[in-house]
Amino acid sequence: MRTTSDTAAAIGLAIGGAFGLAGTFVASAPLRETLWTIDGVALVVATALLTMKYQRLGNDCVAAGFLTFLAGESLLLAGNAAGLEASVPSYVGGISLWAAGLVMVSAPKTFALWMRLTALVAALLFVVSAGMILWGAPLLPTSSPLPAAGYPFLVLTFVGWIWTLLRDGRAAVGTDPR
């Protein structure tokens, strides 16, 4: 049965995905920072709710994964107003925690295989991006192909999580709904 928290988390994921992608493609720094701030707050709220949901269900690894993702999103949110160049240190920390959180959420068979795979691809692309930045590559959060290539996989994962939250409960929680 869908709860108000599930609906709120789904809305937060949808807002986060849409505003996050939109912010990546706008040229105006104030507009980008505004979109990314809305995105960040929505994702922090969504992943806080998902942490609580999966902790109550006894799925500690998934709950910890959402909590780790929340920590990464908080770092991104904190650096957002500094502008692209100045936000790179918090960005590296944020996407590194995103990657860890995505792996933790995807390790158990809680979500469908395709969602776990999109999350793992996003995590890999974010880890590679973080490593490149740490080793001196002049990448910004909007750089292409990396890290920008990870965002569509992240948003596809969000779509899967939203679908899982809003579906009519055909599969038992904690099982692989393939």
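View 1. Ile11 counts as partly exposed because its relative accessibility is 48% (buried means under 20% relative accessible area, exposed over 50%, partly exposed in between, with a 1.4 Å probe and protein chains only). The model shown is predicted: local features need pLDDT of at least 70, side-chain atom pairs count only at pLDDT 80 or more, and totals for chains, interfaces and linings use all residues. Residues are numbered from 1 along each chain as its sequence is written, and side-chain values use heavy atoms, with hydrogens and water left out. Ile11 sits in helix H1, residues 4–25. Helices here are DSSP runs of H or I with at least four residues, numbered from the N terminus. Thr24 is 13 residues from Ile11 in sequence. In space, their C-alpha atoms are 20 Å apart.

View 2. How many cavities of 30 Å³ or more does a search of the whole structure find? The search finds one. A cavity is a set of points, on a 1 Å grid over the protein atoms alone, where a 1.4 Å probe fits but cannot get out. The volume of the largest cavity is about 300 Å³. Volume here is the space filled by probe spheres set on the points, and grid points are joined across faces, edges and corners. The lining has 22 residues, and Trp36, Asp39, Leu76, Trp98 and Tyr151 are the closest to the centre. Lining residues have an atom within 4 Å of a point. H1, H2 (29–56), H3 (60–80), H4 (88–106) and H6 (150–166) each give two or more residues to this lining. By type, the lining holds 12 nonpolar, eight polar and two charged residues. Ala, Val, Leu, Ile, Met, Phe, Trp, Tyr, Cys and Pro count as nonpolar; Asp, Glu, Lys and Arg as charged; the others, Gly among them, as polar.

**View 3. Helix H6 and its cover.** H6 has 17 residues and should span 24 Å at 1.5 Å a residue; its end C-alpha atoms are 25 Å apart, which agrees. The expected span is 1.5 Å times one less than the number of residues. Buried residues of H6 include Gly150, Leu154, Thr157, Gly160 and Trp161. What covers the buried residues of H6 includes H1, H2, H3, H4 and H5 (113–134).

View 4. H4 has 19 residues and reaches 26 Å from its first C-alpha to its last, close to the expected 27 Å. Its buried residues include Val88, Tyr91, Val92 and Trp98. The buried residues of H4 pack against H3, H5 and H6. Ile133 belongs to H5. Is Ile133 buried or exposed? Ile133 is buried, at 12% relative accessible area. Ile133 touches Val88, Tyr91, Val92 and Leu139, leaving out residues up to four places away in sequence. Contact means heavy atoms within 4.5 Å.

**View 5. Aromatic pairs.** The whole structure holds 11 aromatic pairs. Rings of Phe, Tyr and Trp (its six-membered ring) pair if their centres lie within 6.5 Å; planes under 30 degrees apart count as stacked, over 60 as edge-to-face and the rest as tilted. Why is the pair of Phe69 and Phe158 edge-to-face? The ring planes stand at 80°, so the pair is edge-to-face, with centres 6.0 Å apart. Phe69 is in H3 and Phe158 in H6, 89 residues apart. Phe69 is buried at 1%, and Phe158 is buried at 2%. Phe126 and Tyr151 form a tilted pair, 5.9 Å centre to centre and 40° between the planes. Both Phe126 and Tyr151 are buried. One aromatic cluster includes Phe69, Trp98, Phe126, Tyr151 and Phe158.

Terms used. On a 1 Å grid over the protein atoms alone, a cavity is a set of points where a 1.4 Å probe fits but cannot get out, and a pocket is an open set with protein on both sides within 12 Å along at least five of seven lines; lining residues have an atom within 4 Å of a point.
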